Structures are given as C-alpha cells and as structure tokens.
Amino acid sequence: MVNDPIHQFRIHNILGPWNIFGLEIGFTNSNLFMAIIVAVIVGFLLLAARKGTLVPGRLQSVGEMWYGLIHNMVDNVLGEEGMVFFPLVFSLFSFVLVANLLGMFPYFFTVTSQVIVTAALAMFVVGLVIVVGIARHGLGWFKLFTPHGIHWGMLVIITPIEFISFLSRPISLGLRLFGNMLAGHIVLKVFAGFVVSLVALGLGGIIGSLAPLLMAVALTALEFLVAFLQAFVFAILTCVYLNDALHPSH
Amino acid sequence: MARSVDPKGPNSESDPKFGDISARLDDLSTRLAAEKKQTDQQESAPKQYQGAADYSKGYRLFSEFVAGILVGGLVGFGLDKLIGTLPLFLIMFLLIGFGAGILNMSRAANRTPPTPEELAKMPKLRAGEDEDK
C-alpha cells in the first residue's frame, strides 16, 4: 500500500543473511545507513578542516560551531576533568544528529527510530557511568544512592527510590529519542497520505487537500527542529549522567 | 561565525592581508553587518520556535515520569517471578517507581541544562589551549 505509515521502519536484509556462530546475521538497510552516517560525519569534518585557515570559511565555520557547541557543553557540565569524555559526547551527538537529519530525506531509513539502537546508546552511557564511577571512587560511588544528611529512617525509603530512579535513566534517555523520531515520522506520513487520498476524490478533494498539505509542510519544519533538539538533549543528558560518575555525592 | 567577528582575533594585527587601511575598514564593516544580521535573526527565532521548545520540555518531563514507573514495575515483577510472591513486590515497587518518577521529574525540572542558544552565546573556547593536551 502506498501510505502505510509503518512501512518506512521495516528492516530488510540487503546482503546475506549469513550463518555466523549459529546466528542469522545479514547486512540490513539499518546497517547501511549507520555506515552512511559515519561516512557523512567523517567526510564532512575532514572537508571542513581541510583548509584550516585562521578566518574560517563557510564550511569551516559550521565545523567549528559543531565542535564548539559540544566543547562548551562538556566544559560547562563536567568541567576541566570531564574533558576526557569530550570525544565520546561529540561522537554520540554527531551520530544521533546526522541519523535524525538523514532520516528527513524521503525514502531514507531513520536509524534512531529503532528502539534497539537508541536503547543500546543509552545503555552504553549508563553502563559507562557505573564502570567509571566504581573505577574512580571504589565502593564509595554507591553513596550516590544515599543522599547526604538524611535521617536513617528515611534512607530505607529513599535508597530504593534513588535506585529505581537511576535504573530508569537508560529507559527515559533511549525512549525519548526513539519516541520523538518514530512519532514525528508517522505523523508526517499520515498527513502526506491524507493529501494523496483527498486528491483522488476530484476537484473538491484537491481544494480540501490544501489543509493537510500545509500541515505537512509545517510538520517538516518542526521535525528538523526536533531532530536537532533531540540530539542536543541526548548529548547534554549524557554529560549530566557522566557527572554522577565523577562526583557521586549530591 | 562568532569567531570571525571577535575583535581580539589573533589575526587582527601583523597580518599582511590587512595591511591596507581601506581594506581593513571594508572588512570591518562587512563583519559588523554580518553580526547585526545574526543578532536580528537570533531575536526573531525564539518566538517562532517557542511551541516546539515547550513541547520538547513537556515530553522530556513526561518520559522521565513514565520511565520511573516502568522500571519500578519491571523490577517488582522480576522479583515476584523469582520468589513466587506475585502481587507483593509488584505493588511495592510500582509505588517506589512512582516516587522515582516524581523524583526524576523534579530533578529534570530544577536542573535546567543550558539551551543551545545559551551555549552559543557563551565565550568561545580559548584558542591554543587544547593543542598541548
């Protein structure tokens, strides 16, 4: 069917599947777009940094703003000692941003609309918080779950709440990105589908289709903004969570 | 963009390109015009995107809350499955998850991280500082 709004999220094998250690693994359209995303990021940044002039040209300005935005973010939230995480946060932000933006092209696959991808990114971040926290502070890191200066009787209730709150981080981090991208793309597709069905009705339908057409145009603009905002929110929450690994006491 | 209008730019002096005074004046006026255009755009942008920014903020708080309840319910259900006391831990951890959701939301609302616009306005990274790291 032409306007099946879910069709765009279907994963299919491009190459394979091969039998690797008893698992059916193929090269899917999702894999293809992940490779394209990495190629776009590396290609763009190399192109932007190619000249390296003191007064930046247009391309170099974009590259410097991209770099400077994340540099300022890490510097602000994590401080000087958190700069070791800058390459990680920059990579995460770039991957999510380019994945979201590439998804805005018609017929392109949106990698971040797959919950398994966003969940893997979020799990990796929170797993890193645990590993770095314990490596830096030893068992003292678990003070994160016992807020300072609270009566011991309250700790019985507060500690499980803090624990569940910590566990919910990867869920909210991954679900938010996934939900925003999925919902946005479905809504766009549905409104575009309205236009097609209404036009088929004849003259009255063509006039009536103007409203969903305008809506689809407005939604496209909104989706571009959401694509950037969600990448930004993902990066800044990564910084905020990594801050707990460096300074576990509230 | 903001870097090129920095008056203390490292190339404002002793650069052979800017030796001629009229060339420098021309350059200054184009840079000033670019800066003015940029600030005009920045002032008009927030109004246009206010709805989208609020929407994303609301969605953020909502997802924090739902995630708390979801995880609480899952942990409770898992414990029950292990021990075999089905409704007991599920109910307990759903309540704890509710508390965690509220805690998540209040944290997310109080700790407002800087917006992209604020970060862009902050002083740019100090040149030459990262080269030796």
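The legends below describe a predicted model, in which local features need pLDDT of at least 70 and side-chain atom pairs count only at pLDDT 80 or more, whereas totals for chains, interfaces and linings use all residues. Residues are numbered from 1 along each chain as its sequence is written, while chains are lettered from A and ligands numbered from 1 in the order in which they are written.

View 1. Leaving aside residues up to four places away in sequence, Thr146(A) touches Leu155(A) and Thr159(A), a contact being two C-beta atoms, placed from the backbone, that lie within 7 Å. Ala99(A) is 47 residues from Thr146(A) in sequence, and their C-alpha atoms are 38 Å apart in space.

**View 2. Helix 5 of chain A and its bend.** Helix 5 covers residues 152-199 of chain A, and its 48 residues reach 68 Å from the first C-alpha to the last, close to the 70 Å expected at 1.5 Å a residue; the expected span is 1.5 Å times one less than the number of residues. At Ser168(A) this helix bends by about 35°, with a proline, Pro170(A), following within four residues; the bend is the angle between axes fitted to the seven residues ending at a residue and the seven starting there.

**View 3. Packing of helix 4 and helix 5 of chain A.** Helix 4 (residues 115-137) and helix 5 of chain A pack at an angle of about 145° with their axes 8 Å apart, the axes being lines fitted to C-alpha atoms over the stretch in contact and the angles running from 0 to 180 degrees between N-to-C directions. Residues making this contact include Val115(A), Ala119(A) and Val126(A) of helix 4, and Arg169(A), Pro170(A) and Phe178(A) of helix 5. The contact residues divide into eleven nonpolar, two polar and one charged, with Ala, Val, Leu, Ile, Met, Phe, Trp, Tyr, Cys and Pro counted as nonpolar, Asp, Glu, Lys and Arg as charged, and the others, Gly among them, as polar.

**View 4. The backbone at Tyr107(A).** Tyr107(A) lies in the loop between helix 3 (86-102) and helix 4 of chain A, and has a positive phi of about 70° although it is not a glycine. Most residues other than glycine have a negative phi. Tyr107(A) counts as exposed because it has 5 C-beta neighbours inside 10 Å.

**View 5. Gly208(A) in helix 6 of chain A.** Gly208(A) belongs to helix 6 (residues 203-208) of chain A and is partly exposed, with 15 other C-beta atoms within 10 Å. The C-alpha atoms of Gly208(A) and Val195(A) are separated by 8.5 Å, the two residues being 13 apart along the chain.

**View 6. Helix 2 of chain B.** Helix 2 of chain B (residues 86-110) has 25 residues and reaches 37 Å from its first C-alpha to its last, close to the 36 Å expected at 1.5 Å a residue. Among the buried residues of this helix are Leu90(B), Phe93(B), Gly97(B) and Asn104(B).

Notes:
Helices (H or I, at least four residues) and strands (E, at least two) are DSSP runs, numbered from the N terminus. A residue is buried if 20 or more other C-beta atoms lie within 10 Å of its own, exposed if 12 or fewer, and partly exposed in between; C-beta atoms are placed from the backbone.
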